Amino acid sequence: MHTLSVSALNEQIKTLLETSFTRVLVEGELSRITFHNSGHIYFTLKDSGSTLRAVMFRGNASKLKFQLQEGMKVILDGAITLYKPRGEYQINCFSIQPSGQGALALAYEQLKEKLSQKGYFEASIKKELPKFPSKIALITSATGAALQDMLRVANSRYRALEMDIYDVLVQGDSAASSIAHAISIADAKDYDIIVIGRGGGSIEDLWAFNEEIVADSIFKATTPIVSAVGHEIDWVISDFVSDVRAATPSIAMQICLPDTNELYQYLDSMQTQFTQVVEQKLFNKSQELNHLEKSYSQHSIEKQINQKTEEVKQLKDQFSKNISFKLQSFSNNLQNISTRFPHAINSILNHKQNQLLNLNKMLESNNPKLKTKSGFAQLSKNKKVIDISELNVDESFELQSDEIYISAKVTDKEKR
């Protein structure tokens with residue numbers, strides 16, 4: 001038997017495997033997933049009894065629509081190959097499909113969950129659309145039916161509008177980057193609203209609006225964005241991230257633009273309401289003016305002057321009455337006084353004359369000159385006239401007459 005080297009044997013095995021298993025479909029569970037910097041993906045496919053090494057090179061890995069996750073059950077489409085340096089066989093994956101569901105459906109749910117966790121769908125960050133936009137950007141295919149539907153609705157509803165069209169790819173591998181780039185450019189300008197959309201189609205046709213790059217552009221934009229993709233039953237990621245979701249491109253225009261006819265009716269209603277309000281306000285102000293006029297007439301300066309004049313007149317009348325009463329009373333008193341005065345004067349004069357006579361008599365009786373008689377003198381002590389009974393032994397006293405003054409002292413006192 002011919003002896004083979006290890007390399008030669010591995011080469012024969014490699015040739016045998018790769019020619020015998022050029023295309024296989026294998027179902028199993030993902031394990032030990034490694035995303036290499038080169039873009040290649042290394043992992044193990046296993047079931048309850050065995051494991052199989054697998055690799056997906058960068059070219060095929062870039063086409064994956066969903067994220068490989070540990071424990072995920074998948075179906076691999078590939079070819080068996082041998083890695084000769086280690087003598088290990090593996091499956092070279094051309095494509096991977098989730099077991100039991102489509103790859104796009106899984107990718108959709110994965111991205112939706114991821115963006116939800118990042119807060120891209122929060123209602124609190126949604127921007128309101130202006131009621132009367134003047135400038136709108138339409139990001140869609142310039143040759144698509146969706147654009148014609150939007151233009152038709154816009155022209156019928158609200159012609160006082162400037163619309164700029166950004167022609168983009170709406171399906172295919174380059175569509176997502178084309179849409180995201182147009183959103184970034186339009187957001188840098190002064191548009192009131194940006195509308196992104198296209199007509200209906202399969203999930204593959206609409207997939208550009210499910211890409212993360214488009215979701216990021218919508219989330220970062222400062223201009224309100226309306227997502228109008230497909231039909232009413234179609235929901236894409238851009239619908240959740242955008243500020244407003246429209247079921248169709250035509251409905252997007254109905255949401256964004258006011259109806260001119262409705263505006264006319266609204267203006268008529270406003271005019272009627274305005275007239276009613278003005279008339280009511282004029283009536284109310286007229287009532288207030290009448291009330292103020294009455295209040296002014298009741299509290300006017302002229303009325304106050306008249307009131308004060310009347311009060312002064314009343315005071316003058318009262319004063320005149322009081323003076324007349326006082327004068328009359330004084331006149332009566334004066335008459336009484338004039339009648340009683342002579343009698344009172346005579347009585348007073350007689351009384352005073354009697355007092356004067358009594359005083360003269362007392363003066364005469366106490367006048368030392370009149371008292372000067374032989375054997376009599378005025379007795380005083382300390383220049384005060386006293387009675388002889390007031391003197392005590394050894395006290396000094398004075399005796400005086402009209403012509404003589406004598407100082408004396410009591411040597412003896414005896415009652416008789």
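Which residue stands opposite Glu88 in β5? Tyr83 does.

The model is predicted, so local features need pLDDT of at least 70 and side-chain atom pairs count only at pLDDT 80 or more, while totals for chains, interfaces and linings use all residues. Residues are numbered from 1 along each chain as its sequence is written, and side-chain values use heavy atoms, with hydrogens and water left out.

**Barrel**

Helices (H or I, at least four residues) and strands (E, at least two) are DSSP runs, numbered from the N terminus. Two strands pair if DSSP finds at least two bridges between them. Five strands close into a barrel with mixed pairing, in the order β1-β2-β3-β5-β4. From one strand to the next, the twist averages 50°; axes are lines fitted to C-alpha atoms, for helices over the stretch in contact, and angles run from 0 to 180 degrees between N-to-C directions. Strands β4 (residues 73-83) and β5 (residues 88-98) run antiparallel and are joined by 10 bridges.

**Salt bridges**

A salt bridge is a side-chain nitrogen of Lys or Arg within 4 Å of a carboxyl oxygen of Asp or Glu. The whole structure holds 11 salt bridges.

| Residue | Partner | Closest N and O atoms |
|---|---|---|
| Asp190 | Lys135 | 3.2 Å |
| Lys285 | Glu288 | 3.6 Å |
| Glu395 | Lys381 | 3.2 Å |

Asp190 forms its salt bridge with Lys135. Asp190 lies in the loop between α5 (175-187) and β8 (193-198) and Lys135 in strand β6 (residues 135-140), so the pair ties together parts that are 55 residues apart in sequence. For exposure, buried means under 20% relative accessible area, exposed over 50%, and partly exposed in between (1.4 Å probe, protein chains only). Asp190 is exposed, at a relative accessible area of 57%, whereas Lys135 is buried, at 17%.

Lys285 and Glu288 are three residues apart in helix α9 (residues 260-299), and so are separated by about one helical turn. Lys285 is exposed, with a relative accessible area of 51%; Glu288 is partly exposed, with 42%.

Glu395 pairs with Lys381. This pair links distant parts of the chain, 14 residues apart: Glu395 is in the loop between β12 (384-385) and β13 (396-400), and Lys381 is in strand β11 (residues 378-381). Lys381 is partly exposed, at 26% relative accessibility.

**Helix α4**

Helix α4 (residues 145-157) has 13 residues, which should span 18 Å at 1.5 Å a residue; its end C-alpha atoms are 19 Å apart, which agrees. The expected span is 1.5 Å times one less than the number of residues in the helix. In α4 the buried residues are Ala146, Leu147, Met150, Val153, Ala154 and Arg157. These cover an arc of only 135° around the axis, and therefore lie on the same side of α4. The arc is that of the directions from the helix axis to the C-beta atoms. The exposed residues Ala145, Arg152 and Ser156 are on the face of α4 turned away from its buried side.

Arg157 belongs to helix α4 and counts as buried at 14% relative accessibility. A polar atom of the Arg157 side chain lies 3.4 Å from the backbone oxygen of Gln254. A polar contact is a pair of N or O atoms within 3.5 Å; within protein, one must be able to donate a hydrogen and the other to accept it, and residues adjacent in sequence count only if both atoms are side-chain atoms.
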